[in-house]
Amino acid sequence: MLALDDCLLSVMDIPGALDALVLDHLSGTVMASGGRGEVEKSAPALGETLRVAMDALAGCSERGTVRIDDMIVVTDDGYHLLHPVEMPFDGPLVIYVRLDLRRANLALARHHMQAITGQLRA
């Protein structure tokens with residue numbers, strides 16, 4: 001099982017990773033962070049963005065619920081990948097990484113995030 005700090009180091013090893021954090025999905029509290037920017041101040045808004053997207057998509061779903069595997073936002077300063085993780089004892093977490101548009105491979109980053117999540121849950 002990966003500790004959160006080890007998880008964050010693995011996320012920052014993804015080619016093109018600029019910033020990363022692990023946050024509590026319910027409160028927006030930063031559990032671990034790293035990178036070049038000051039991404040911690042955006043943590044509550046990132047958690048809220050994911051919650052709003054889930055609520056909106058659930059409203060469009062026939063079942064009234066939806067599970068998001070990844071949320072990808074592309075901006076002029078990078079790819080923003082939010083990866084929700086349901087932890088058995090710690091509750092829902094979100095792993096966030098900002099990737100360089102020119103250096104990152106989004107498919108490879110998603111693959112790495114899934115592998116990291118598997119190690120985090122183990």
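Trainee: Which side chains meet in a salt bridge at 2.6 Å, N to O?

Mentor: In this predicted model, that contact joins Asp-69 and Arg-67. A salt bridge requires a side-chain nitrogen of Lys or Arg within 4 Å of a carboxyl oxygen of Asp or Glu. Asp-69 is partly exposed, with a relative accessible area of 39%, and Arg-67 is exposed at 66%.

Trainee: How many salt bridges does a search of the whole structure find?

Mentor: The search finds five. One of them links Glu-48 with Arg-51, at 2.8 Å from N to O.

Trainee: How far apart are Glu-48 and Arg-51 in helix H2?

Mentor: They are three residues apart in that helix, which spans residues 43-60, so about one helical turn separates them. Glu-48 is partly exposed at 39% relative accessible area, and Arg-51 is also partly exposed, at 23%.

Trainee: With which residue does Arg-98 form a salt bridge, and how far apart are the closest N and O atoms?

Mentor: The partner of Arg-98 is Asp-77, and the closest N and O atoms are 3.9 Å apart. Arg-98 belongs to strand E5 (residues 91-99), while Asp-77 sits in the loop between strand E3 (71-75) and strand E4 (78-87); the pair therefore ties together parts that are 21 residues apart in sequence.

Trainee: Is Arg-98 buried or exposed?

Mentor: Arg-98 is buried, with a relative accessible area of 16%; buried means under 20%. Asp-77, at 41%, is partly exposed.

Trainee: Which residues are linked with Arg-98 in a network of salt bridges?

Mentor: Asp-19 and Asp-77 are linked with Arg-98 in that network.

Notes. Residues are numbered from 1 along each chain as its sequence is written. This is a predicted model: local features need pLDDT of at least 70, side-chain atom pairs count only at pLDDT 80 or more; totals for chains, interfaces and linings use all residues. Side-chain values use heavy atoms; hydrogens and water are left out. Helices (H or I, at least four residues) and strands (E, at least two) are DSSP runs, numbered from the N terminus. Buried means under 20% relative accessible area, exposed over 50%, partly exposed in between (1.4 Å probe, protein chains only).
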